Amino acid sequence: EELPPLKDGEFLCEAQWLSVDPYMRPYTANLPLGSTMTGSQVAKVTESKNKDYAVGDLLVAMFGWRTHTISDGTPPPGISFGFYKVDPSIPLSPSTALGILGMPGATAYFGFLEICKP
C-alpha cells in the first residue's frame, strides 16, 4: 500500500509489535478479505508534522495489523479511546505494553481481584 504525503498535524507510525489477543477470534469469521485485522500495536513515529508526536516516540494504538499508519492524533473510526505514549524511562521492553502492562494484564489483574478477593 502506498501512503500519501503527510499533511500538517499528521504523523507516520511504523509497527514494532502487534497484539494477538483472545477477543480477536470472533472477528475473523466475518472479516472481509483484504481488511485490516483489528488490534493494538506498539508503533514508532518515523515522520511527524504534529507538535505532540516527535520522531522516535513509541505509541500504543489501535491501528490494527498493518505495518504503517498515518494519524493526526485522534482515535481511528469506531474506536472509543485514542492511544498513549510508551514511557521510555520504564526499564522493560515496550512490547510489555501489549501484554502484562497492557489490556490483557489489566484484565487478568482485576479479574483476579474480583474473583479471588485476596
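Glu 114 is exposed, at 54% relative accessibility (exposed means over 50% relative accessible area, buried under 20% and partly exposed in between, with a 1.4 Å probe and protein chains only). Its side chain meets that of Lys 117 in a salt bridge, with N and O 3.9 Å apart; a salt bridge here is a side-chain nitrogen of Lys or Arg within 4 Å of a carboxyl oxygen of Asp or Glu. Lys 117 is likewise classed as exposed, at 58%.

The model is predicted: local features need pLDDT of at least 70, side-chain atom pairs count only at pLDDT 80 or more, and totals for chains, interfaces and linings use all residues. Residues are numbered from 1 along each chain as its sequence is written, and side-chain values use heavy atoms, with hydrogens and water left out. The pLDDT, the predictor's confidence in each residue on a scale from 0 to 100, has a mean of 88 over the protein chain, and 98% of the residues reach 70 or more. Confidence is lowest in helix α1 (residues 25-29), with a mean of 79, and highest in β2, with 97.

The protein chain contains two helices and five strands, assigned as DSSP runs numbered from the N terminus (helices H or I, at least four residues; strands E, at least two). Their order from the N terminus is β-α-β-β-β-β-α. The C-alpha atoms fill a box of roughly 50 × 40 × 20 Å along the principal axes. Of the 118 residues in the chain, 28% are buried. Contacts are defined by heavy atoms within 4.5 Å; among those between residues at least 6 apart in sequence, 62% join residues at least 24 apart.

The largest nonpolar core has nine residues: Phe 11, Cys 13, Ala 43, Val 45, Tyr 53, Leu 59, Ala 61, Phe 63 and Phe 83. Strands β1 (11-18), β2 (41-48) and β3 (58-61) each supply at least two residues of this core. Apart from it lies another core of six residues, including Leu 58, Val 86, Ala 97 and Leu 98. Such a core is a set of buried Ala, Val, Leu, Ile, Met, Phe, Trp, Tyr and Cys residues joined through side-chain atoms within 4.5 Å.

Beyond four places in sequence, Phe 83 touches residues that include Phe 11, Tyr 53, Leu 59, Phe 63 and Ser 71. Ser 71 belongs to strand β4 (residues 68-71) and is buried, with a relative accessible area of 6%. Its side chain reaches the backbone nitrogen of Gly 73 at 3.0 Å. With neighbours within four places in sequence set aside, Ser 71 is in contact with Gly 9, Glu 10, Phe 11, Phe 63 and Phe 83.

The whole structure holds three salt bridges. One of them joins Lys 85 to Asp 57, with the closest N and O atoms 3.3 Å apart. Lys 85 lies in strand β5 (residues 84-85) and Asp 57 in the loop between β2 and β3, so this pair ties together parts that are 28 residues apart in sequence. Lys 85 is partly exposed, at 42%. Another salt bridge links the side chains of Lys 51 and Asp 52 at 3.4 Å, N to O; Lys 51 is exposed at 79%, whereas Asp 52 is partly exposed at 41%.

No disulfides were found in the whole structure, a disulfide being a pair of cysteine sulfur atoms within 2.5 Å. Cys 13 is buried, with a relative accessible area of 1%, and Cys 116 is partly exposed, at 49%.

Key:
A polar contact is a pair of N or O atoms within 3.5 Å; within protein, one must be able to donate a hydrogen and the other to accept it, and residues adjacent in sequence count only if both atoms are side-chain atoms.
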